[in-house]
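Open the model in your viewer and keep the selection panel at hand. The tour below goes from one selection to the next.

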Number of protein chains: 2
Amino acid sequence: MLKDLALKNRSYRRFDNSVAIPMSTLEELVDLARICPSAANKQPLRFILSTSPQDNDAIFGCLKWAAYLKDWGGPAPTERPAAYIVMLNTATDWDFAKFDLGIMGQTMLLGAVEKGLGGCMVGAMDREKLRAHFALAPELEISLVLALGKPAEDVRIVDLPADGSIKYYRDEAGTHFVPKRSPGELILLKTGK
Amino acid sequence: MLKDLALKNRSYRRFDNSVAIPMSTLEELVDLARICPSAANKQPLRFILSTSPQDNDAIFGCLKWAAYLKDWGGPAPTERPAAYIVMLNTATDWDFAKFDLGIMGQTMLLGAVEKGLGGCMVGAMDREKLRAHFALAPELEISLVLALGKPAEDVRIVDLPADGSIKYYRDEAGTHFVPKRSPGELILLKTGK
């Protein structure tokens, strides 16, 4: 059931770094992205796939993790992602490319979950540093980075607290809680049966 | 397998209008969207669910279909969507909301496919007319409309033609062809094993 996959597909930021991800797995994920809907079918996204320790380190060094967790600097070395998919945009003046990023990012994450993996779409990073590392052509915009690995954390959906905050948080045991709005808040109007 | 769902999840624009979609199905799709990743977990999207003939007609009258098919004015009355999910954005100054639109739109479409349905994310429409129909508050931006129904067309992925055009097209039998870029075109670099 897709619902099971969607429930397991939490944004994971801590992984069991001893579990490697083969390049063939990343290629299968891009193959999922390839057959996704694309706004006006333009397909402006491109991908860099990394499983190499050196490039993984370089990518990791550019990422900013979990803005709401002020006391957490990101995953420890043994908890770091085993692979990355850097999502590049060749259509920077095409606003609809951002839909493609969401469509394809989510589909690849669902595909990773189906394989017993998981990950996180990271949007906060030092783009210039990452661009320099890969010597990217100017027409390639770095949009999102998918960080992937074998999840090693407990992430739970909870209701919003009384103050209505949507900020995720952790308890002392390290369990990560993500407040999600209720269906009643999301659905403004139903018309029909 | 997610791949099977993703393959069946073509952008359908012609439906068997005799097959109704109950409101409970739309609610299940929003429940999938609810548990999706959301940029910074802000969850700015809201939804209008329509299965009523009157509102369906009103929504249909605002949509623009298949820009590349110049000779096709959209689905005939018996081919029209049985239901719609209007996706509204409450964070119009938050560029990352567009990622959420892609993430949630795609996840709801995959959910529809799992139920034997299908649909299309429609981004071209008369937004002012649709806004007026539902008397929407100014802070609600109409972003995308998911058109949903029981698909009644054959949609196939093909390679890009020699001229590299990504425009979808139909043959005389009405089969709809969607050129998709090759994995080799999408993957710029692989690093690691």
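The model itself is predicted.

Colour the stretch by secondary structure: residues 10-150 of chain A are 33% helix and 19% strand.

Next, colour chain A by domain. Domain 1 takes in residues 2-153, and domain 2 takes in residues 154-193. Twelve residues of domain 1 of chain A and eleven residues of domain 2 of chain A form the contact between them. Taken over C-alpha atoms, the centres of these two domains of chain A are 24 Å apart.

Now bring in chain B and select residues 97-114 in both chains. This is helix H4 in chain A and helix H4 in chain B; the two pack with axes 6 Å apart, at an angle of about 50°. That angle makes H4(A) oblique to H4(B). The crossing of H4(A) past H4(B) is right-handed.

Show side chains at this crossing. From H4(A), the contact residues are Lys98(A), Phe99(A), Leu101(A), Gly102(A), Ile103(A), Gln106(A), Thr107(A) and Leu110(A). From H4(B), they are Lys98(B), Phe99(B), Leu101(B), Gly102(B), Ile103(B), Gln106(B), Thr107(B) and Leu110(B).

Finally, colour these residues by type. How many residues of the contact of H4(A) with H4(B) are nonpolar, polar and charged? Eight are nonpolar, six polar and two charged.

Key:
Residues are numbered from 1 along each chain as its sequence is written. Chains are lettered from A and ligands numbered from 1 in the order in which they are written. This is a predicted model: local features need pLDDT of at least 70, side-chain atom pairs count only at pLDDT 80 or more; totals for chains, interfaces and linings use all residues. Side-chain values use heavy atoms; hydrogens and water are left out. Axes are lines fitted to C-alpha atoms, for helices over the stretch in contact, and angles run from 0 to 180 degrees between N-to-C directions. Helices (H or I, at least four residues) and strands (E, at least two) are DSSP runs, numbered from the N terminus. Angles under 35 degrees count as roughly parallel, over 145 as roughly antiparallel, 65 to 115 as roughly perpendicular and the rest as oblique. A crossing is left-handed if the near helix is turned anticlockwise from the far one by less than a right angle, and right-handed if clockwise. Contact means heavy atoms within 4.5 Å. Ala, Val, Leu, Ile, Met, Phe, Trp, Tyr, Cys and Pro count as nonpolar, Asp, Glu, Lys and Arg as charged, and the others, Gly among them, as polar. Domain bounds come from an automatic or database domain assignment.
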